[in-house]
Amino acid sequence: MSTDTQKYTRNSPYESKMLVNQVLTDRDSEKETRHIELALEEGMAYTPGDAVGIQPTNRDSEVEAVLKALNFKGDEKVLDFFKKEDTLDNALRTKLHIGKLTRGSVNSYAKIAPESVPGLDFLKSLAGQDNKSRAEEYVWGREFLDLITEHPGGITDPQQLFTVLQRLTPRMYSIASSQAKHPDAVHTTVRVVRYHTHNRDRQGLCSGHLGERADEGAIMPIFLHANANFRLPEDTETPVIMVGPGTGVAPFRSFLQHRQAHGHQGNNWLFFGEQREASDFLYKQEFQGMLKDGTLTRLDTAFSRDQTKKIYVQDRMRENQKELWSWLERGAYFYVCGDASRMAKDVEQTLLDTIADGKDCSPEHAQEYLNDLKKQKRYQLDVY
């Protein structure tokens, strides 16, 4: 990555212009997934596998609701996390994390709250490691606004918010483009998170911002973040296998664009999964074009809701075990991007089964083979 890139960091981001913000999913989709393109300044450089950090702001309606619940006007002076003076309104908009409630915020609130706060004993009872699961249960689906509405009167001075709340931090998204094709821009793929809990409509902090308040032409503070643990093989003839359901496909679009632009000869096999082909096949035309021109050697898709029995990427891997094994034996690199909690584990188990069948060996020996792949950096994960 270019040294110029370090000019812009999470604490000193680049004020980027939104070039493209379009919905990739169809109207009938249960999800809203967006393709985002942001302008770069000359000298800003990234490598396929890197991430872009995007600094969101809190919604005006949320800021107003918090001010109202706290009985503040917003023009009160406060010192931010770097001891710089600011107004409370701006701090709530751009510096304080008023979204998802954390256990730390509940504990801090309970510590500084006057005894007159309703339900204070309950909040105090959530402190400590022993009560972690009860505290997790309380904060789930709640935001700071819920805490100060359900247990009002805990904040008596605006400055206390910097003790109770965490910093509003940027969100990291896998880069979905190659600079060899898009020298002056960075692309990413974002699913807009919306949900309803505790009688209130909610949205993801950054995805909601990108989904509703970042039209083309808008300015977004961004920075580039290197990810040395997610890289294409140095040998351009090495085959690669990529497993990226949903927005997990983003870095593989970057990989493929890069290999296509540079004429790399290595074979490329992509596994992509989503709910329905008609409404959720992200970058369909681009990937089918790459299949036609030979950039993609194989494209296997799994659309879970298009038939009675749900089919996932790991099912497609299972169907192609022999071929997968022969690619691994030819030195292929294996990449997984997406959901860590379930998908990545299922994919890893299927990979272990593939190795055990291919080698005709015990699960323990398959695990050793996989550990060797990790040591050789031939098995790389970008999961969240």
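**Ground rules.** The model is predicted: local features need pLDDT of at least 70, side-chain atom pairs count only at pLDDT 80 or more, and totals for chains, interfaces and linings use all residues. Residues are numbered from 1 along each chain as its sequence is written, and side-chain values use heavy atoms, leaving out hydrogens and water.

**Select the whole chain.** Colour by secondary structure. There are 15 helices and 15 strands, taken as DSSP runs (H or I, at least four residues; E, at least two) and numbered from the N terminus. The C-alpha trace spans about 70 × 50 × 40 Å along its principal axes. Of the 384 residues, 51% are buried. Buried means under 20% relative accessible area and exposed over 50%, with partly exposed in between (1.4 Å probe, protein chains only).

**Select residues 321-329.** This is α13. Show side chains for Q321, L324, W325, W327 and L328, which are buried. Look down the axis of α13: its buried residues fall within an arc of 160°, so they line one face of the helix. That arc is of the directions from the helix axis to the C-beta atoms.

**Turn to the other side.** Facing away from the buried side of α13 are the exposed residues K322 and E329.

Which elements do the buried residues of α13 pack against? Select β11 (240-243), β12 (268-274), α12 (313-319), β14 (333-338), α14 (343-359) and α15 (363-375). Contact here means heavy atoms within 4.5 Å.

**Finish at G331.** This residue follows α13, and its phi is positive, near 95°.
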